[in-house]
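Trainee: I've got a model open and I'd like to learn how to read it. Can you walk me through it?

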Amino acid sequence: MDNDILKLKSIIEESNNIVFFGGAGVSTESGIPDFRSANGLYSQDLGREVSPEEMVSHTFYVNHPEQFFEFYRDKLIYEDAEPNACHMALAELEAQGKVKAIVTQNIDGLHQKAGSKVVWELHGSTLRNYCEDCGAFYDLRKIMGTEGVPLCDKCGGRVKPDVVLYEEGLDTDVINGAVDAISNADTLIVGGTTLIVYPAAGLIHYFRGKNIVLINMSATSADGKANLVIRRPIGEVFSECLFG
Ligand code: NAD
Ligand code: ZN
């Protein structure tokens, strides 16, 4: 076991209120591309004139719903993805009473699939969808089992994924839950995120505890504040730390 893993192990051992703050890099080892890595969605030539960032904006959703849903089904949904060692380890640490909450920018539901209970989904979830007119709930089958713009069975209204698009605000209860968890934590583990999507990334500034651990393939603005920075795939790191 290398030194960084030993250090991470000892930080986890001495902590009783760990919060994990994560992003798309947490799920790349589950086969879901992130946005900003070399293999990420933003680097792919999608053969479209509109950038992926514009595609997942509220304006684009409202003005071009057909194209939005084509892109959304094709590039943002990974129905067969399974939790990796990072998701599993965090669920295990929650069961042990060490991890108190996960704050995630991901929309893939993999933390819950791994068994985590307290998960603040800052950007919502692709697994929940609601009719814009009557509020009826639909699961992912409503999106993946239809073509074009998905419509409500009850009233014919448009069904929108419960995902925060660019230009849309975050849910107040979710922000409050995340801020509360982060400000009470003794250790904050940040992983798989460029920390450039705001306001989500700004939430880590509520941390007042002892240890910040940063596990990310590339450098971030918070590296300088961290007690431990590990630049390795996060699933591998947790796998060695907990199950190695
Ligand atoms: P990002 O794409 O901006 O950055 C991902 C970061 O993770 C990069 O710094 C990269 O170096 C790092 N990374 C990639 N694989 C890694 C691994 N195996 N181990 C450690 N680090 C790894 O992601 P972001 O900061 O979360 O911002 C992107 C936005 O995109 C978020 O708002 C999120 O909602 C959305 N998104 C979600 C998913 C998902 O739900 N799985 C996927 C793509 C994008
Ligand atoms: Zn309806």
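Mentor: Let's start with Thr172, which sits in helix 8 (residues 172-184). Helices here are DSSP runs of H or I with at least four residues, strands are E runs of at least two, and both are numbered from the N terminus. This is a predicted model, so local features need pLDDT of at least 70 and side-chain atom pairs count only at pLDDT 80 or more, while totals for chains, interfaces and linings use all residues. Residues are numbered from 1 along each chain as its sequence is written, chains are lettered from A and ligands numbered from 1 in the order in which they are written, and side-chain values use heavy atoms, with hydrogens and water left out.

Trainee: Is Thr172 buried or exposed?

Mentor: Buried means under 20% relative accessible area, exposed over 50%, and partly exposed in between, with a 1.4 Å probe and protein chains only. Thr172 counts as exposed because its relative accessibility is 53%. Its C-alpha atom is 22 Å from that of Val190, 18 residues apart along the chain.

Trainee: And Thr187, buried or exposed?

Mentor: Thr187 belongs to strand 7, and at 1% relative accessibility it counts as buried. Contact means heavy atoms within 4.5 Å. Setting aside neighbours within four places in sequence, Thr187 touches Ile11, Ser15, Asn17, Ile18, Val19, Phe207 and Asn211.

Trainee: Which residues of helix 9 are buried?

Mentor: In helix 9 (residues 234-243), they are Ile234, Gly235, Val237, Phe238 and Cys241. They lie on the same side of helix 9 because they cover an arc of only 160° around the axis; the arc is that of the directions from the helix axis to the C-beta atoms. Among the elements they pack against are helix 1 (3-14), strand 1 (18-22) and strand 7 (187-191).

Trainee: Now the ligand. Which residues come nearest to ligand 1?

Mentor: A residue is near a molecule if one of its heavy atoms lies within 4 Å of it. Of the 27 residues around ligand 1, Phe35, Arg36, Gln105, Asp108 and Thr194 come nearest.

Trainee: What about polar contacts?

Mentor: With a ligand, look for a pair of N or O atoms within 3.5 Å. A backbone N or O atom of Gln105 is 2.4 Å from a ligand 1 oxygen atom, and a polar side-chain atom of Asp108 is 2.7 Å from a nitrogen atom of ligand 1. The protein covers 94% of the 860 Å² of accessible area that ligand 1 has on its own, by the Shrake-Rupley method with a 1.4 Å probe.

Definitions and conventions: Polar contact = N/O pair within 3.5 Å; in protein donor to acceptor, adjacent residues only side chain to side chain.
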